[in-house]
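Me: Got a model open here and I'd like to go through it with you. Can we start with the charged side chains?

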Amino acid sequence: MSIQNSPYQGFATLLSAGGHPVSPAELHGLLLGRSCAGAGFDAEGWLADAALLLETEPADNVRNALIGLQEMVKGELSGDDMTVVVLLPSDEAPLTERATALGQWCQGFLNGFGLNAGGKDLSQEATEIIQDLAAIAQVQEALEESEDGEADYMEVMEYLRVAPLLLFTELGKPVEAAKPSLH
């Protein structure tokens, strides 16, 4: 898939055409962060949080894309596959561009998580994940175009496919009401 036809680039073009100075990575991170913190999947709540980041109310085409993105994330977090696709530039993009988007994704995740996790006690593991994401958010300057840089990037990507699932399992899953006893 060429860079021009990647889902990331398509979403970036849509946002840019709408006058929104934000990357798809940061928006996706915001959505995953808020979902993992227990915000649920109410479209209006998501659109309100997204509008803050977008700095204006989204037009219908952006609004529809945001709702579609939320449906995708909902399916990933509540499905049986236990996999998250992180919305980042394609592998053909320069490493510096991908690393910058990675940092933006982590920043968005932390913002979304912080907006919705207030007052919740985090386990040691969840606290470490949040600290890791804060460190990764600063990584874009450290990665260089090299085999080692590519390997580091791929390692971080694998971590980001698992970390949200761990946080969602701990904090984001809706509490199921106890079924009444038939006795």
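Me: How many salt bridges does the count come to?
Reply: The count comes to four salt bridges, taking a side-chain nitrogen of Lys or Arg within 4 Å of a carboxyl oxygen of Asp or Glu. Keep in mind this is a predicted model, where local features need pLDDT of at least 70, side-chain atom pairs count only at pLDDT 80 or more, and totals for chains, interfaces and linings use all residues. Residues are numbered from 1 along each chain as its sequence is written, and side-chain values use heavy atoms, with hydrogens and water left out.

Me: Which side chain meets Asp 49 in a salt bridge?
Reply: That's Arg 34, at 2.7 Å, N to O. Asp 49 sits in helix H3 (residues 43–54) and Arg 34 in helix H2, so the pair ties together parts 15 residues apart in sequence. Helices here are DSSP runs (H or I, at least four residues), numbered from the N terminus.

Me: Switching to confidence: what does the chain average in pLDDT?
Reply: It averages 86, and 89% of the residues score at least 70; pLDDT is the predictor's confidence in each residue, from 0 to 100.

Me: And which element has the lowest mean pLDDT?
Reply: H7, with 88, while H2 has the highest at 95. Residues 175–183 are below 50, and that stretch has zero contacts in the model beyond near neighbours in sequence. Contact means heavy atoms within 4.5 Å.

Me: At what angle do H2 and H7 pack?
Reply: About 35 degrees, with the axes 8 Å apart. Axes are lines fitted to C-alpha atoms, for helices over the stretch in contact, and angles run from 0 to 180 degrees between N-to-C directions. H2 brings Leu 32, Ser 35 and Cys 36, and among the H7 residues in the contact are Pro 164 and Phe 168.

Definitions and conventions: Helix = DSSP H or I, 4+ residues; strand = E, 2+ residues; numbered from the N terminus.
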